[in-house]
Amino acid sequence: MPELPEVETIRRHLAPHVDGRTLRSLEIHDARWSLPLAPQELSAAVEGRRIEQLGRRGKYLVWELEDEAYLMLHLRMTGTLLLNPPERPPHTRVTFDLEDGELQFVDPRRFGTGELALGREALDDFFAKRLGVEPFEPEFTGEHLYELTRNSRAPIKAMLLDQKRIAGVGNIYADEALFRARIHPLRLANRINRKQAGALRDAIVETLELGIESKGATIDDFRDPEGVSGSFQDRFLVHLREGEPCVRCGRPVRKLRAAGRGTYVCESCQPRPRARRLRQAPRADRRGRP
């Protein structure tokens with residue numbers, strides 16, 4: 001699934017081609033894309049409006065249209081936006097007519113979505129229910145991350161993947177950030193101390209910045225709007241490196257399951273947390289004495 005760096009790469013590539021243009025028409029070929037709205041209902045709300053700006057929030061692309069109409073597009077697992085392809089690709093679900101160009105949303109597995117918000121209040125409410133802090137916002141500090149961990153008994157990897165806590169971090173970037181911070185993905189979030197939270201916050205930001213600099217990671221499906229692959233996969237420190245020597249210590253990288261996802265870790269550099277032993281009360285003897 002495209003994560004924050006991949007979506008930001010798409011936004012930066014598309015913005016010069018869409019900002020200030022008029023969305024002449026939005027042809028929805030697959031009614032599932034616009035649910036719960038009917039295709040014609042969503043199209044009627046956005047067609048003919050000027051695109052003020054193409055933004056991003058977490059993993060969502062946000063089409064900011066005139067008169068405070070917003071179209072929130074999520075690529076999900078296999079969604080791709082292609083700019084001016086020579087012919088309509090297979091699995092095209094939506095066509096954007098942009099005056100001097102055409103944009104196709106292609107999605108073989110049909111998980112991607114388009115949702116509508118009319119008015120800034122509706123937009124804010126939409127994201128307040130779904131997303132937490134943006135990693136590049138000033139509010140995302142080590143202390144903020146530490147406070148997020150206080151009421152979570154989930155493994156830290158699972159907490160990082162919770163979009164309601166931190167927006168935009170997915171499986172790849174969680175693995176890479178945890179390695180940089182030397183934290184095992186199975187360590188319980190509420191067992192992270194302040195120093196570790198500060199290191200992890202910095203590692204998350206650094207990892208996402210490297211991902212954007214590399215124009216994302218292409219493993220299966222991700223391409224930019226002109227079909228070009230990202231290169232962050234060439235800079236992975238642990239992700240997908242099972243059995244290979246750790247770049248720090250040379251020990252083999254392991255693969256395990258965390259938060260239901262394939263997770264990569266060096267258990268020398270990221271020590272596995274010890275199991276907490278339950279203290280058992282001493283049994284009373286037959287005479288009732290402890």
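Which hand does the crossing of helix 4 and helix 7 have, left-handed or right-handed? The crossing is right-handed, where right-handed describes a near helix turned clockwise from the far one by less than a right angle, and left-handed one turned anticlockwise. The structure is a predicted model, in which local features need pLDDT of at least 70 and side-chain atom pairs count only at pLDDT 80 or more, while totals for chains, interfaces and linings use all residues. Residues are numbered from 1 along each chain as its sequence is written, and side-chain values use heavy atoms, with hydrogens and water left out.

Helices here are DSSP runs of H or I with at least four residues, and strands are runs of E with at least two, numbered from the N terminus. The axes of helix 4 and helix 7, lines fitted to C-alpha atoms over the stretch in contact, come within 8 Å and cross at roughly 115°, on a scale from 0 to 180 degrees between N-to-C directions. That makes helix 4 roughly perpendicular to helix 7, a label for angles of 65 to 115 degrees; under 35 counts as roughly parallel, over 145 as roughly antiparallel and the rest as oblique. On the helix 4 side, G142, E143, L145, Y146 and E147 meet R194, A197, G198, L200, R201 and I204 of helix 7.

Helix 7 also packs against helix 1 (residues 4-18), at an angle of about 40° and with the axes 8 Å apart. Helix 1 is therefore oblique to helix 7, and this crossing is right-handed.

Beyond its neighbours within four places in sequence, I204 is in contact (heavy atoms within 4.5 Å) with P135, F140, L145, L160, I166, V169 and A177.

Four strands form an open, antiparallel sheet in the order 2-7-8-6, with pairing taken as at least two DSSP bridges between two strands. Strand 2 (25-28) and strand 6 (80-83) stand at the edges with a single partner strand each, so one side of each lacks a neighbour in the sheet.
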